[in-house]
Amino acid sequence: MFLEIICSQSRSFTTHNLCATLRLRRCRLKCSIENDRKPCYTAFAGSQSEGKTNVHTTDTMKRIIVGITGASGSIYAVRLLEELSKRKYDIHAVFSRTGTEVMRFECNADQKRFPDVKWHEHDNMFSEIASGCSAAETMIVVPCSVNTLSCIAHGISGNLLQRAAAVTLKERRHLILVPRETPVDSIALESMLTLSKIGVTILPASPGFYHHPKTIDDLIDHVVGKILNIANIPNELCRSWTDPNTI
Ligand SMILES: Cc1cc2nc3c(=O)[nH]c(=O)nc-3n(C[C@H](O)[C@H](O)[C@H](O)COP(=O)(O)O)c2cc1C
């Protein structure tokens, strides 16, 4: 179903009530403003699971939040931010306290490596990403520690990263968590199930081998390509095994 709404006077349809509408109906919905003003919002639903809403602001860049925790695998976050930085996104990112340390330990990298990213301090609850009014279309937590995963599953907002994830959930946006931990205990599995049931994507950092990887970078890119695929971001990092370019 496709439905277009034209607001002739003012923004009588805000992002918020557009989302409320979309939560009730699986439909495509477009809202624009007449009198030569730029289109206001284009929103669509239906491409993902029930209850999930994508919102694009057509007069601004698409916002995406990357959360980086203290799990091993910070290289995945580095590669993801590199890929996002090549594209036109409004990229916001936040480390957990341990996330900063593990990134430094494993990759010898920090925020300065990504000048195009808007960084937020882990303890700054006044940050815009702590508010539902500026929720991003997608939030990706990579790598995601079991600690952060469990906090998100249980509604705990102990730092800005967890709060941004809680906001992503309450605003019915897309949340992607990339845990690295193995093996996982029942507590972690139950937290994953809890989150999966409300539409969160649990994407374990486990690369495939059908693309015949030759280097560690090939393995990393396979996981990052999967993340981009799930976030609906076109990329060439992750190809299907039927793709003729898969060597
Ligand atoms: C080098 C290093 C690697 C770690 N790897 C993992 C991991 O893969 N998964 C995990 O859940 N925790 C891992 N941890 C433990 C987390 O950093 C720890 O549980 C921390 O409290 C997580 O905090 P956060 O969720 O706020 O980032 C690791 C810690 C260190 C120092």
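Which residues of α7 are buried? The legends below start with that helix, as seen in a predicted model.

**View 1. Helix α7 and its buried residues.** The buried residues of α7 are I220, D221, H222, V223, V224, G225, K226, I227 and L228. They pack against α2, β8 and β9. The helix covers residues 216–230. Its 15 residues should span 21 Å at 1.5 Å a residue, and the end C-alpha atoms lie 22 Å apart, which agrees. Just after α7 comes N232, with a positive phi of about 60°.

**View 2. Helix α4 and its packing partners.** Helix α4 takes in residues 146–153. T148, L149, C151, I152 and A153 are its buried residues. Four elements receive them: β8 (138–144), α5 (160–170), β9 (174–179) and α6 (186–197). G155 follows α4 and has a positive phi, near 70°.

**View 3. The contact of α2 with α3.** Helix α2 (residues 74–85) packs on helix α3 (residues 97–107) at an angle of about 90°. The axes are 9 Å apart. Angles of 65 to 115 degrees count as roughly perpendicular, and α2 and α3 are therefore roughly perpendicular to each other. From α2, the contact uses S74, I75 and V78. From α3, it uses V102, M103, E106 and C107. By class, five of these residues are nonpolar, one is polar and one is charged.

**View 4. The open sheet.** Six strands form an open sheet in the order β7-β6-β5-β8-β9-β10. The pairing is parallel. At the edges are β7 (118–120) and β10 (201–202), each of which pairs on one side only.

View 5. K62 stands opposite Y89 of β6.

**View 6. T98 and its contacts.** T98 sits in helix α3. Is T98 buried, exposed or partly exposed? A residue needs 20 or more C-beta neighbours within 10 Å to be buried, and 12 or fewer to be exposed. T98 has 17 inside 10 Å, so T98 counts as partly exposed. Leaving aside neighbours within four places in sequence, T98 is in contact with T69 and G70. T69 and T98 are 29 residues apart in sequence. In space, their C-alpha atoms are 6.4 Å apart.

Conventions
Residues numbered from 1 in each chain as written. Predicted model: local features only at pLDDT ≥ 70, side-chain atom pairs only at ≥ 80, totals over all residues. Helix = DSSP H or I, 4+ residues; strand = E, 2+ residues; numbered from the N terminus. Contact = placed C-beta atoms within 7 Å. Axes fitted to C-alpha atoms, helices over the stretch in contact; angles between N-to-C directions. Parallel < 35°, antiparallel > 145°, perpendicular 65-115°, else oblique. Nonpolar A, V, L, I, M, F, W, Y, C, P; charged D, E, K, R; others polar. Expected span 1.5 Å × (residues − 1). Pairing = 2+ DSSP bridges.
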